[in-house]
Amino acid sequence: MKRALERHLNILEFTLASLLRRKAKNLSLLAMYLLVIFILASLQFFVTALKREAAIILSDAPDMVVQRLVAGRQDLVPARYAAEIANIRGVTAVRPRLWGYYYDALNGANYTIIANDDPAIGPERVSIGAGVAKARNLAVGDLLPLISYDKAPVMLEISTIFPSNSDLIAADMIIISPGDFRQLFNFPSGQATDLAVMVRNPKELPTVAAKIAGQFPDSRPILKNEIQRTYQSIFDWRGGMTLIILASALFSFIIFAWDKAAGLSAEERKEIGILKSIGWETSDVLLLKFWEGAVISLTAFLVGTVLAYGHVFFLSAPLFAQALKGWSVVYPRFQLVPVVDVYQLAVLFFLTVVPYTTATIIPCWRAATIDPDAAMRY
Amino acid sequence: MRRSVQFLLFTAVSLTLFLLLPLHARHAQQHSGSQIAQLRRLQLTDLCLATEARYTRHPALADHHAPFQEHPLALEHFPSGSLILPSLPESDKP
């Protein structure tokens, strides 16, 4: 046992010395490998944490949102729709929602304005997200000046600023009373932006949606599971950002693996020949190459994953945040609650470390099984 | 100290940190405050990921053609539009 351990330690010692002899090549290889793992693991942490946040938020979403379409565009929903939908069997509540977007000409930001009849939001009082407060440099008690669609100033006193840990929900949000909302947007009375519908039995949702679509042909019911599916597709590995980053990372990795698997350099072949001629067994040479692969891939995997965790959960994923910001003036700080999906980490391990280590061993096995003299003359 | 022992120690430290990640995540999840009640009551349908275009701010509620609806020949031009794909109907999914 002790002898086997000593043998491994000796071979590892030789491996490290051999790697350090080609310091520049191996360090750049390690750096690139680490970067690939870092990006893939960061992406995985980021997406998994966002999925969790989305699941938490969507658990509070209404069972169905009913919009009205006019000439293919979303339009306001008359209040009578709400009353008639409430009479459909199985519907427990219909809440007309008032919300919209406000373009701030001062800084070019878009805010989401939502009316809430919560008594905590009185007339001329407002709750804002941390992103809005930052963009306009506001504090609790300050006045938020907005310009109504009549071009009249609307001054609202800030009663609450949501903490930055709610940025993923409310960074750009301004919550005001329904009266202020109608005044700000010159919003016609008896109309709503859309309707939030609650249904007693989730199994009846498609039936209720079909009844609504039949009763109001210009309506567009969006079911909760469709909203959930939207977010699944946004965060899907095949979709958007993930695909772009994943493809570039995977291609670089494939190039690495190909470079290694394609064969050994003449110098490496010569080294194997010399080792065999001075008495190393084929198994020793293979062990040496196994350790060479393992040192680089295991170090890259462990360090890359730990760095990715820090990047996403302690530094709020600055690499991805830059990509998502685009031209946004108000953007959330991605303070995500950490989530580690052990299965996905295992997949990452088996897709990176195992193929790389195998790719280093196979050409060595070929070189190590030929005659040392031939290997040295190669 | 031998170089191999130094490497094994480094790997042991990295492995310990790696194994601590799920524990830290679980701890953070248990101590993450529940969503603000006022926001929960709003029954929100979307995450605030990008605020530059309405179809990337509220992808769940936007129409499928929203990126192209400014005028008949308009091309989608917001950077976040290339990252947040529009939702596809179930039958169109690959």
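Trainee: How many bridges join strand E5 of chain A to strand E6 of chain A, and do they run parallel or antiparallel?
Mentor: Bearing in mind that this is a predicted model, six bridges join E5 (residues 99-104) to E6 (residues 109-115) in chain A, and the two strands run antiparallel.

Trainee: And which residue in E6(A) is the bridge partner of A:Gly100?
Mentor: That partner is A:Ile113.

Trainee: What do E5(A) and E6(A) form, and how many residues are between them?
Mentor: They make a hairpin with four residues between the strands, and in the turn A:Gly108 has a positive phi of about 75°.

Trainee: Zooming out, what is the strand order in the sheet?
Mentor: In chain A, six strands form an open sheet in the order E5-E6-E10-E7-E9-E8, with mixed pairing. Its edge strands are E5 and E8 (143-147) of chain A, each of which pairs on one side only. From one strand to the next, the twist averages 35°.

Trainee: How many bridges join E8(A) to strand E9 of chain A?
Mentor: Five bridges join E8(A) to E9 (residues 153-161) of chain A, again in an antiparallel arrangement, and the bridge partner of A:Leu144 in E9(A) is A:Leu156.

Trainee: Switching to chain B, where does B:Leu20 lie?
Mentor: B:Leu20 lies in helix H1 of chain B, which covers residues 3-31.

Trainee: Why is B:Leu20 called partly exposed?
Mentor: Because its relative accessible area is 44%, and the partly exposed class lies between the cut-offs of under 20% for buried and over 50% for exposed.

Trainee: How far apart are B:Leu20 and B:Tyr55?
Mentor: They are 35 residues apart in sequence and 39 Å apart in space, taken from C-alpha to C-alpha.

Conventions. Residues numbered from 1 in each chain as written. Chains lettered and ligands numbered in written order. Predicted model: local features only at pLDDT ≥ 70, side-chain atom pairs only at ≥ 80, totals over all residues. Heavy atoms only, no water. Pairing = 2+ DSSP bridges. Buried < 20%, exposed > 50% of the residue type's maximum accessible area, 1.4 Å probe, protein only. Axes fitted to C-alpha atoms, helices over the stretch in contact; angles between N-to-C directions.
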